[in-house]
Amino acid sequence: MTPIAILATVLAYFAVLFLVSSIARRNVDNAAFFTGSRQSKWYMVAFAMIGASISGVTYVSVPGMVSQSGFGYLQLVLGFIAGQLIVAFVLTPLFYRLQLTSVYEYLRNRFGQQAYHTGAWFFFISKMLGAAVRLFLVCFTLQLLAFGPLGIPFWVNVALSVGCVWFYTHKGGVKSVIWADLIKTTCLIVSVALCIWFIADDLQLSFGGVVSHISQSDMSRMFFFDDVNNKQFFFKQFFAGIFTTIAMTGLDQDMMQRNLSCRNSRESQKNMVISILLQFIVVAAFLMLGVLLYEEAARHGVTATGDQLFPTIATGGLLPGVVGVLFIVGLSASAYNAAGSALTALTTSFTVDILGAGKRSESEVTRMRKRVHIGMAVVMGLSIIVFNVLNNTSVVDAVYTLASYTYGPILGLFAFGILVKRPVRDRWIPLVALASPLLCWVLDRHSEAWFNGYHFSYELLILNALFTFVGLCLLIKRGETAQKI
């Protein structure tokens, strides 16, 4: 595809998003922006959540990583399923019963103002960095395929991308996000299915031949039980998947903002169970696509690997032009929608949790929300530019490594609040939340020397939460019982 054709495809996708946003934002007040007025249909949210959980990272990096880790990523996804069940049947009823706009309001009710702000700030840092990493990937890809060849600098690419994301979410809020996710899910499923079909046709493989070919490939290994020091070791991945989902879905304002837009907890639970099962199937399809992409690359002498594999094959003229169009549409859908939902969630959390919107009038909250929304877009754009300068690792690895350090304290706070019915000294909670990831960083730096070659993976999230939990135990007020929530 030519650079102009690529940019035209992206603009066409944004035109669809703007149309959806203009419909969704009709009669939208602050409640509709923050929670969709809790009127979303559960089956629509379930379908939308498939796309919500698949960002540009999954779309580009997961197919490219099969040469290094095979189908080992599905071990993590199995953990996602178990973690999603915990979120659905433990956290969701609690959040609905408390009628929360932001999930971090629970921390204020359970511990106090310091815990509340600690959770909100950790979410802000984690979500902003995570969203920047995800949007960086699509900006990097578009720079490689379109903006770079046209001589347009990276910062202009970022400014246009973030500006478009801001525009389609600035009024509709979570309603726009859910409708955009419906479009995104459809685009992703159609895109990956047709890409597999076209590549299989070029490799002269039938459907049965595709399945047989992939199952016989060395890249299709799913389970790793042989080496505990391997980052792909099953129990590392599985338990990391459980706690990652609890933290990055159940305790994440971005993801729960969609789930809490359903009418009641029962409908939200149905949406969550169905969406996670369908997500497993979609991720498996991405991994199958990865095997075929490497086969296609080998056949045509293409040396690209990792994050550059899918873009190179799809847009390099090796396959029909429609494959390139499908790739650009799928990438745009996955990355821009993820950035849009993150921008909405960051606006909600910062407005409600940090600026205290609940104490202000509707008109004051509206003005505040609009200013915060612009501010979040600016910070996101600057974060992407900084990440472009500093990036030296796989994007998938970067996302989950960031989550291990920033979501750990949030997970520890909620786990203690739900499991231990004792009050704590609220003013010291920020210190515990800062000390926990610092201890994890020290252990990670010295783990191979201290633990006979053991190398930490995403299970650092569990350790981080455990340190926070233990620290809160040291802050318990003796002889008192926490207020029942």
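What share of the 485 residues of the chain count as buried? In this predicted model, in which residues are numbered from 1 along each chain as its sequence is written, local features need a pLDDT of at least 70, side-chain atom pairs count only at pLDDT 80 or more, and totals for chains, interfaces and linings use all residues. Side-chain values use heavy atoms, with hydrogens and water left out. Of the 485 residues, 59% count as buried, a term that stands for a relative accessible area under 20%, whereas exposed stands for over 50% and partly exposed for values in between, with a 1.4 Å probe and protein chains only.

The secondary structure of the chain comes to 21 helices and zero strands, where helices (H or I, at least four residues) and strands (E, at least two) are DSSP runs numbered from the N terminus. The chain exposes about 19300 Å², of which carbon and sulfur atoms supply 64%; accessible areas come from the Shrake-Rupley method with a 1.4 Å probe, and for residues only the protein chains shown count as cover. When contact is taken to mean heavy atoms within 4.5 Å, 85% of the contacts between residues at least 6 apart in sequence join residues at least 24 apart.

Two packed helices are described by the angle between their axes and the distance between the axes. Here the axes are lines fitted to C-alpha atoms, for helices over the stretch in contact, and the angles run from 0 to 180 degrees between N-to-C directions. Angles under 35 degrees count as roughly parallel, those over 145 as roughly antiparallel, those from 65 to 115 as roughly perpendicular, and the rest as oblique. A crossing is left-handed if the near helix is turned anticlockwise from the far one by less than a right angle, and right-handed if clockwise.

The axes of helix H9 (residues 154-169) and helix H16 (residues 321-354) come within 9 Å and cross at roughly 60°, which makes H9 oblique to H16. H9 passes H16 in a right-handed crossing, and the contact is made by Ser161, Val165, Trp166, Tyr168 and Thr169 of H9 together with Tyr336, Asn337, Ala339, Gly340, Leu343 and Thr344 of H16. By class, the residues of this contact divide into six nonpolar, five polar and no charged, where Ala, Val, Leu, Ile, Met, Phe, Trp, Tyr, Cys and Pro count as nonpolar, Asp, Glu, Lys and Arg as charged, and the others, Gly among them, as polar.

H16 also packs with helix H17 (residues 362-390), at an angle of about 130° and with the axes 9 Å apart, and H16 and H17 are therefore oblique to each other. The crossing of H16 and H17 is right-handed. On the side of H16 the contact involves Ala339, Ala342, Leu343, Leu346, Thr347, Phe350 and Thr351, and on the side of H17 it involves Val365, Met368, Arg369, Val372, His373, Met376, Ala377 and Met380. The residues of this contact comprise 11 nonpolar, three polar and one charged.

Helix H19 (residues 408-419) and helix H21 (residues 460-473) pack at about 50°, with their axes 7 Å apart, and are therefore oblique to each other. Their crossing is right-handed, and the residues in contact include Leu411, Phe416 and Leu419 of H19 and Leu461, Phe469 and Leu472 of H21. The contact of H19 with H21 has 11 nonpolar, four polar and no charged residues.

Individual residues were also examined. Ser268, in helix H14 (residues 265-300), counts as buried because its relative accessibility is 0%; leaving aside neighbours within four places in sequence, Ser268 is in contact with Thr92, Tyr96, Asn259 and Cys262. Thr58, found in helix H4 (residues 56-64), is buried, with a relative accessible area of 7%. Thr58 and Val283 are 225 residues apart in sequence, yet their C-alpha atoms are 8.0 Å apart in space, and Thr58 touches Ser53, Pro63 and Phe286 when residues up to four places away in sequence are not counted.

Two further residues lie in loops. Leu318, in the loop between helix H15 (309-315) and H16, counts as partly exposed at 27% relative accessibility, and its C-alpha atom is separated by 9.3 Å from that of Ala297, 21 residues apart along the chain. Gln204 lies in the loop between helix H10 (174-202) and helix H11 (207-216), is exposed, with a relative accessible area of 70%, and has a positive phi of about 60° although it is not a glycine.
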